[in-house]
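Colleague: I'd like to learn how to read a fold like this one. Can you walk me through it?

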2 protein chains.
Amino acid sequence: MNIGIVGLGLMGGSLGLDLYTHRQQTQDSNSPAFQPQSYRILGISRQQQTCEVAVERGVVDEASVDLSLMNQADIIFICTPIAAIAPTVAELIPYLQPHTILTDVGSVKKPIVDSCSALWPNFVGGHPMAGNTQTGIDAAQHHLFVDKPYVITPTANTSLESIKIVESIVDLLQAKIYHCQPEEHDRAVAWISHLPVIISGSLIAALKQEDNPDVALLAHYFASSGFRDTSRVGGGNPELGLMMAKYNREALLRSIKSYRQTLDKITTYIEQEDWETLDKQLNQNHSDRLKFHF
Amino acid sequence: MNIGIVGLGLMGGSLGLDLYTHRQQTQDSNSPAFQPQSYRILGISRQQQTCEVAVERGVVDEASVDLSLMNQADIIFICTPIAAIAPTVAELIPYLQPHTILTDVGSVKKPIVDSCSALWPNFVGGHPMAGNTQTGIDAAQHHLFVDKPYVITPTANTSLESIKIVESIVDLLQAKIYHCQPEEHDRAVAWISHLPVIISGSLIAALKQEDNPDVALLAHYFASSGFRDTSRVGGGNPELGLMMAKYNREALLRSIKSYRQTLDKITTYIEQEDWETLDKQLNQNHSDRLKFHF
């Protein structure tokens, strides 16, 4: 089997590194429990330099800037930024074999699954929930996906055989596989990933509205771990923030609306000096947060 | 000089530890640059057990559950929870010498300075911005205040001599001294400490409103560092959250109002798909956050 990876950055590069190493380990092992894997890993980057680094670092066996390399692939992981996923599928089509499976690693699923499945029915939506703030082939690392959620979002039309093949590869990364509908995925990540960016960014932006320059200056001097943590994701990569708002707009607006109602409710407790209800709410928040296993 | 500490928890205990150790070090030193300090440290706790631990651990020279011990004190640090500060001042008055300076470590200043100055004019409001989630004498630690802001909030009526004496003791803690008006302090901490608790707590509470149980469950499975950090202070000590809302209500409501307007503005960019303005805002947030030195 040949595994293709289009886009050799943090995600595609880390995927290749683990698959490459896994094959080496099973080939080197004398244990009869290990069967040598026969897959080859083929990579595509827009930069010739990245292709060379990817082969040198043991990310892929062969890399090219030319999509025609993908005519050898049985399954292709599309690891480009979200905006490039559907256009990449469209560009790949002339080079694909009829049985080739396409899958992606985009952090939003409904629009990607809709557009990519329409272009190539043998498409399996995926989202490995791993990463860090770095980008590019140099950021690629071993074990990036270990114990992290890897969400697969099949639709009623997705081939079970294709899902199985994607899962068998994801298993090698030691990620935790979850299945859900694309819409459910998008609503869940709106809550835990995209809404936090908006409410955290609004904190930074609101402080800029302080009209007393002494108070603004003191706030800068006094800011400590509470402000640091609450503002962290709001001060993150602007490009990623824009992408999530564009591609997960509907689910994000849905959770902002619910958030705003909740904020208004809690504000009313403070306005009305309803300390008993505020106390209950703060205690509820405290115990609800303990249910998360970070 | 005798230094009194009323309340031997994390704050009072850590204050005593550093003052006690500082005196030992200067007494033990043979360097002529060091002058032995002659202060004694006297502590008050409501628990006899805490008094004993405080003497054993080298927090104070003498401790008592009886406020009359404070009739020997020249300056008293009131290190009780916020709600107990003004009542403690009132209880102390029968035992105070006319020259005794009172100062506090409460995290809100305007209501405390107003009420305590009315009870005892020789009052200097203070707020060491240090601490952690632990409480009690066992949580007391050395160097808690080193390089942390220690805000002093004199009014037009505060004696300059008393401010100087408070500062000379704070200097021994190696804290960074700031001066500002009580109202300015409260507005600044509303921005960087109290507003974050409300917006972070609202995130936890909003997620509970999700009406699709599958989405709620997925959100729990998928929650990672972004949600963890943004929800941290909102899931913190409910008692502290309630106190800051009660005692800093006006400044908190002022910053919530500004926050809500900002959130609405950013929501409108997303609703109207005004990606150019959203992009500018996210970039602004990114560069504004870099100006904080955490």
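Modeller: Start with the nonpolar core: a set of buried Ala, Val, Leu, Ile, Met, Phe, Trp, Tyr and Cys residues joined through side-chain atoms within 4.5 Å, where buried means under 20% relative accessible area (1.4 Å probe, protein chains only). This is a predicted model, where local features need pLDDT of at least 70 and side-chain atom pairs count only at pLDDT 80 or more, while totals for chains, interfaces and linings use all residues. Side-chain values use heavy atoms, without hydrogens and water.

Colleague: Which residues have the most contacts inside the largest nonpolar core?

Modeller: In soluble globular proteins, nonpolar side chains tend to be buried together. Here the largest core has 76 residues, and Tyr259(A) and Tyr259(B) have the most contacts inside it. Counting contact as heavy atoms within 4.5 Å, and skipping residues up to four places away in sequence, Tyr259(A) touches residues including Leu195(A), Ile199(B), Leu203(B) and Tyr259(B).

Colleague: And the open sheet in chain B, in what order do its strands run?

Modeller: Strands of a sheet pair through backbone hydrogen bonds, either parallel or antiparallel. Strands are DSSP runs of E, at least two residues, numbered from the N terminus; two pair if DSSP finds at least two bridges between them. In chain B the order is 7-8-9, with mixed pairing. Strand 7 (126-128) and strand 9 (176-179) of chain B each have a single partner strand, so one side of each lacks a neighbour in the sheet. Strand 8 (residues 149-152) and strand 9 of chain B pair in the parallel sense over four bridges, and Tyr150(B) has Ile177(B) as its bridge partner in strand 9 of chain B.

Terms used. Residues numbered from 1 in each chain as written. Chains lettered and ligands numbered in written order. Buried < 20%, exposed > 50% of the residue type's maximum accessible area, 1.4 Å probe, protein only.
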